[in-house]
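Colleague: I would like to learn how to read this model. Take me through it feature by feature, please.

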Amino acid sequence: MDKEIIKEYHSIIKNKISQSRIESAMGNIEKLLLNFPNDEYGYYYKGVCEFALNNHKEAIKAYLKAIKLNPAFAKAYFNLGACYYDYNDYDNALINIAKAMILFSKLKQLDLKERCVKTIKLIEAERQRKC
């Protein structure tokens, strides 16, 4: 029963995020995490919304919580890397996107692994330009 409720929350939240209804999605995320505080996807979606609202510190906290709950959460590592990139923290960006790349590779999600490879190359090039 709980799994079905959580799945329904996830569906509603993803739909609202895809429609750029971020504030509304945040309300659903708060309810989800109140009832299911160990739902890693709740924290992942919170990170997505906080990032969309330019609350990068809060997004980082949310992604770190999602990763703490699920250390193999590749998408959370990738998005965490993106947050660090926005702070010009290239080292942490590269570390987290590299972790995502390894996890995507293990999951045989080769398109997402390739996205990580391209992102790493872009970050490394940006870091070289700024040095």
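Colleague: How many aromatic pairs does the structure hold?

Modeller: A pair of aromatic rings is described by the distance of the centres and the angle of the planes. The cut-offs apply to rings of Phe, Tyr and Trp (its six-membered ring): centres within 6.5 Å, with planes under 30 degrees apart stacked, over 60 edge-to-face and the rest tilted. The structure holds 7 such pairs. Take Y41 and Y44: their ring centres are 6.3 Å apart and their planes lie at 75°, so this pair is edge-to-face.

Colleague: Before we go on, what kind of model is this?

Modeller: It is a predicted model: local features need pLDDT of at least 70, side-chain atom pairs count only at pLDDT 80 or more, and totals for chains, interfaces and linings use all residues. Residues are numbered from 1 along each chain as its sequence is written, and side-chain values use heavy atoms, with hydrogens and water left out.

Colleague: Where do Y41 and Y44 sit relative to one another in helix α3?

Modeller: An α-helix has 3.6 residues a turn, so residues three or four places apart point the same way. Y41 and Y44 are 3 residues apart in helix α3, a separation of about one helical turn. Helices here are DSSP runs (H or I, at least four residues), as are strands (E, at least two), numbered from the N terminus.

Colleague: Is Y44 buried or exposed?

Modeller: Go by relative accessible area: buried is under 20%, exposed over 50%, partly exposed in between (1.4 Å probe, protein chains only). Y44 is buried at 12%. Y41 is partly exposed at 34%. Y44 also pairs with Y63, and that pair is tilted, with 5.9 Å centre to centre and 55° between the planes. It links distant parts of the chain: Y44 is in helix α3 and Y63 in helix α4, 19 residues apart. Y63 is buried too, at 2% relative accessibility.

Colleague: Which residues form the aromatic cluster?

Modeller: Y41, Y44, Y45, Y63 and F73 form one cluster. Another ring, that of Y43, has a charge over it: the charged end of K65 sits 5.7 Å from the ring centre. The test is NZ of Lys or CZ of Arg within 6 Å of the ring centre and within 35 degrees of the ring normal.

Colleague: Now the fold. How many helices and strands are in the chain?

Modeller: There are 7 helices and 0 strands. For overall size, the radius of gyration is taken over C-alpha atoms and compared with a globule rule, 2.2 Å times the number of residues to the power 0.38. With 131 residues a compact globule would come near 14 Å, and the chain's 15 Å agrees. The C-alpha trace spans about 50 × 30 × 25 Å along its principal axes. Buried residues make up 40% of the chain.

Colleague: How far does helix α5 reach?

Modeller: Compare the span with the expected one, which is 1.5 Å times one less than the number of residues. Helix α5 (residues 74–86) has 13 residues and reaches 19 Å from its first C-alpha to its last, close to the 18 Å expected. Its buried residues include F78, L80 and C83.

Colleague: What covers the buried residues of α5?

Modeller: The cover includes α3 (40–52), α4 (56–69), α6 (90–106) and α7 (110–130). Cover is judged by contact, meaning heavy atoms within 4.5 Å. Among contacts in the chain between residues at least 6 apart in sequence, 46% join residues at least 24 apart.

Colleague: How many disulfides does a search of the whole structure find?

Modeller: Look for a pair of cysteine sulfur atoms within 2.5 Å. The search finds 0. The sulfur of C83 is 12 Å from the closest cysteine sulfur, in C49, which is too far for a bond. For C116, the closest cysteine sulfur is in C83 at 14 Å, also too far. C83 is buried at 0%, and C116 is buried at 1%.
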